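Subject: Structure handover and notes

Hello,

Below is the structure we spoke about. My notes follow it.

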Protein chains: 2
Amino acid sequence: MRDWIDSYEKRAWQTTENGTVRYALIGLGWWTIDVALPAIESSDLGEVTVLVSSSTDKATRLADENDIAGGISYDEFHDGAAADEYDAVYVGTPNAYHLEYAETAAELDKAVLCEKPMEATVERAERMVATCDAADVPLMIAYRMQTDPPVQRARELIADGFLGEPVSVYGHNTQSLLEMIPDPDQWRLDADLSGYGTSVMDLGIYSINTTRFLLRRDPISVQAEMVSKSRGVRRRPGRAVFVAADLRRRRADDLDLEPARPRRYASQDHGNRGTDRAPAGVPRECSLHLSRGDVSVTVEHRSFDAEREMEEEFDYFADCLLGDGDLYPDGRHGLQDMRIIEALHDSAERGEPVALE
Amino acid sequence: MRDWIDSYEKRAWQTTENGTVRYALIGLGWWTIDVALPAIESSDLGEVTVLVSSSTDKATRLADENDIAGGISYDEFHDGAAADEYDAVYVGTPNAYHLEYAETAAELDKAVLCEKPMEATVERAERMVATCDAADVPLMIAYRMQTDPPVQRARELIADGFLGEPVSVYGHNTQSLLEMIPDPDQWRLDADLSGYGTSVMDLGIYSINTTRFLLRRDPISVQAEMVSKSRGVRRRPGRAVFVAADLRRRRADDLDLEPARPRRYASQDHGNRGTDRAPAGVPRECSLHLSRGDVSVTVEHRSFDAEREMEEEFDYFADCLLGDGDLYPDGRHGLQDMRIIEALHDSAERGEPVALE
């Protein structure tokens, strides 16, 4: 128990403590500036050298404010400006723009850490994977939770048989998006910019991806029901989504798996109608609940906030570039989520289960 | 972690699963009838065969009500009645009567499980130890917590260095005695029957004894302050007690100890002015809180109530009689608490620290 607690925060993935990855941050929204930027600055293996935004003025202003060497526009980025100043890009723009920055980064031989969902459509996600493959540049999708201590420890415990054979996973994720960002024209509410325009893209993906990671399995079919309750928002009303996925097929391409029996999971209630919880992916506290028999254990990890979560992710990404680590979750892993999300929308539209490859 | 949770309830003391200890229960208050009796009945190694009370009528009535073979009076017990029907006695009378039942049990060659505090005075406790020693009958004091899973696990963790070198212990225990038992003439409020008539006897002893068990150390000096706040009760007003004890001396007689550096602990706030917590020693839930660095762990053990606690204690006692286990806490251990309690009252009276042997 003492050893388990002491290694609770251990970086099982760490292969090096040396070197620095210099980042260009692309898309300077609040997440990039308020969370990602300070996370890199306090990380062991990263530093921010370039900010990339809609205009040179905005980029240089934010660079000055944050004591960053360079600020360039999107156009300048595509033209290869300051390419000697960074080794990797962090893409934090609206989903539908991810591909173009990844393509330019690949041309410039830069590693890519791309926010999730990796693009707005499966087709564009496939192009991103192909482009980075062809250019042989590393591509990672920024799910973050793969380096969260409670998720890592839970995954180890599941692999160790803590749960026995999992038969069901329940995920719950809500966000009062218009209370957080009171703008009905924001990009997450725009189907063209976010993809589908549903909360599955920015909320449901957490439950889907976390389940895949924890169980080391992929769904072989999914079924979804989507209900819109609020009519006031123009492009994307609040939605409640029920997702059931059949996880019978083991994933064999990138994970070392034991053969699994047929299982199902339900990942439920992704919607815009929030409770007063922390917004999705912005953990204010980070806890792990375990139960076996009559004994239940709650692990609280109070210092682990959103910035610390990002710090772990950036150090993991940098470790993969500088050391010997296997990059995960890569573009193929992100693409699989895009296919699942597409199938979920297909299922909701058709009112029947949809099989996945 | 999985193994730790799975062995959370383990009976590290268990040496046998076979045999039965037949008990005579002496003193049929609510604790004996409502907690101890069902605990023995649901234990693995015990059964109740005789009830002993102030009159034959009361004893036989309660025996009938509870489906017990025999009921006898205190006088009949002292005369050796039904002595073939039981192997051990459980003494649950007011403190000042413990000795006489232990003496008779020793004469009859019966093992003794005696409620704590073991007697009303040090001198009578010494006589109990001497009597049981001379008759070579096992004597255990019924502190209960030594077989509680959270206490056992905490003790192992402390021995394993979980806390480093302990520097302070804080104990808190309150009880609204007159709300529980609204009788100003009850024996716990009677100095002659309980010993001193203070809450140190029935509440403070928990913190003192648990600290000794957890740290495997005994105090070398104590200091106490006792304040009475309620004046309405005739014999024993409500008291707040502050106890500070110097734990420098290691206990070497019955425990395997590492040498310890000078340490202090404070065991505070034993009083009759209760909060709305469960009464002392009647755990409604049983949890363990652990912290190291930024990580804190809470272990809940929901099925573990007062009856289950007693069941563990009775099985432990029976295991010592039937198997190879070392009986602990024995009479000498209980006597040490009596000496500590005497020194605490001495200190409160004199207003200065009091050294212990």
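Are D337(A) and R212(A) buried or exposed? Both are buried, where buried means under 20% relative accessible area, exposed over 50% and partly exposed in between (1.4 Å probe, protein chains only).

First, the conventions. This is a predicted model, in which local features need pLDDT of at least 70 and side-chain atom pairs count only at pLDDT 80 or more, while totals for chains, interfaces and linings use all residues. Residues are numbered from 1 along each chain as its sequence is written, chains are lettered from A and ligands numbered from 1 in the order in which they are written, and side-chain values use heavy atoms, with hydrogens and water left out.

Salt bridges

Over all chains there are 48 salt bridges (a side-chain nitrogen of Lys or Arg within 4 Å of a carboxyl oxygen of Asp or Glu). D337(A) and R212(A) form one of them, with the closest N and O atoms 2.7 Å apart. This pair links distant parts of the chain, 125 residues apart: D337(A) lies in helix α12 and R212(A) in helix α10 (residues 199–215). Helices here are DSSP runs (H or I, at least four residues), as are strands (E, at least two), numbered from the N terminus.

In chain B, D315(B) and R11(B) meet in a salt bridge at 3.1 Å, N to O. D315(B) sits in helix α11 (residues 306–322) and R11(B) in the loop between α1 (2–6) and β1 (21–26), 304 residues apart. Both D315(B) and R11(B) are buried. In chain A, salt bridges with shared partners join E9(A), R11(A), D44(A), R308(A), E312(A) and D315(A) into one network.

R350(A) and E352(A) also form a salt bridge (2.8 Å, N to O). R350(A) is partly exposed at 45% relative accessible area, and E352(A) is partly exposed at 35%.

Helix packing

The axes of α6 (residues 122–135) and α12 (residues 331–350) of chain A come within 9 Å and cross at roughly 170 degrees. Axes are lines fitted to C-alpha atoms, for helices over the stretch in contact, with angles from 0 to 180 degrees between N-to-C directions. α6(A) and α12(A) are therefore roughly antiparallel (over 145 degrees). By class, their contact (heavy atoms within 4.5 Å) has five nonpolar, one polar and five charged residues.

Symmetry

Chain B can be laid on chain A with an RMSD of 0.0 Å by a turn of 180 degrees and a shift of 0.1 Å along the axis. The two copies are thus related as by a two-fold rotation axis.

Regards

Methods. Least-squares fit on C-alpha atoms with pLDDT ≥ 70 in both. Parallel < 35°, antiparallel > 145°, perpendicular 65-115°, else oblique. Nonpolar A, V, L, I, M, F, W, Y, C, P; charged D, E, K, R; others polar.
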